[in-house]
Amino acid sequence: MTIREVSERYGLSADTLRYYERVGLIPPVPRTGGGVRDYDGASLGWVELIKCMRSAGVGIEALTEYCRLFQQGEETLEARKALLVEQRRQLRERMEDMRKSLDRLDQKIENYDQGLARKERELRGG
């Protein structure tokens, strides 16, 4: 498959795919005689894995290290665990950000409720 076909299939830009190759997330993709990247089954497997893990919230640094170890044949249970630990840390961080956003939203709603109650009292003459 060409880079364009892979981009369309996986919803990733060609720049993203080139970046993944440049930083080592996917092994170098062979080129045809005309210099066009030729994604084979192995390359597509890496693209699919990376997209899935990124969608799950795995950070690019942890993913890069995991892929590097795997491609060098050094992927171990410790590397898998480290990847999961990093994913958990990032999810907790995002949950904390969401909690703070919810708190701010709750405060805004409370402020509106107080303002509405005040207006209602003013309209009733009290």
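Q: How many aromatic pairs does the count come to in this predicted model?
A: A pair of aromatic rings is described by the distance of the centres and the angle of the planes. Rings pair if their centres lie within 6.5 Å. By this rule, the count is 1 aromatic pair.

Q: Are the rings of Tyr-19 and Tyr-20 stacked, edge-to-face or tilted?
A: The ring centres of Tyr-19 and Tyr-20 are 6.3 Å apart. Planes under 30 degrees apart count as stacked, and over 60 as edge-to-face. The planes of Tyr-19 and Tyr-20 stand at 55°, so the pair is tilted.

Q: Is Tyr-20 buried or exposed?
A: Buried means under 20% relative accessible area. Tyr-19 has 31%, so Tyr-19 is partly exposed. Tyr-20 has a relative accessible area of 7%, so Tyr-20 is buried.

Q: Within what arc do the buried residues of helix 1 fall?
A: Helix 1 buries Ile-3, Val-6, Ser-7 and Tyr-10. Seen down the axis of helix 1, these buried residues line one face, because they fall within an arc of 105°.

Q: Which residues are exposed on the other side of helix 1?
A: An α-helix has 3.6 residues a turn, so residues three or four places apart point the same way. The buried residues of helix 1 include Ile-3 and Tyr-10. On the other side of helix 1, the exposed residues are Arg-4, Glu-8 and Arg-9.

Q: Which residues have the most contacts inside the largest nonpolar core?
A: This core has 22 residues. Helix 1, helix 2, helix 3 and helix 4 each give two or more residues to it. The residues with the most contacts inside the core are Ile-26, Tyr-39, Val-47 and Ile-50.

Methods: Residues are numbered from 1 along each chain as its sequence is written. This is a predicted model: local features need pLDDT of at least 70, side-chain atom pairs count only at pLDDT 80 or more; totals for chains, interfaces and linings use all residues. Side-chain values use heavy atoms; hydrogens and water are left out. A nonpolar core is a set of buried Ala, Val, Leu, Ile, Met, Phe, Trp, Tyr and Cys residues joined through side-chain atoms within 4.5 Å. Buried means under 20% relative accessible area, exposed over 50%, partly exposed in between (1.4 Å probe, protein chains only). Helices (H or I, at least four residues) and strands (E, at least two) are DSSP runs, numbered from the N terminus. Rings of Phe, Tyr and Trp (its six-membered ring) pair if their centres lie within 6.5 Å; planes under 30 degrees apart count as stacked, over 60 as edge-to-face and the rest as tilted. The arc is that of the directions from the helix axis to the C-beta atoms.
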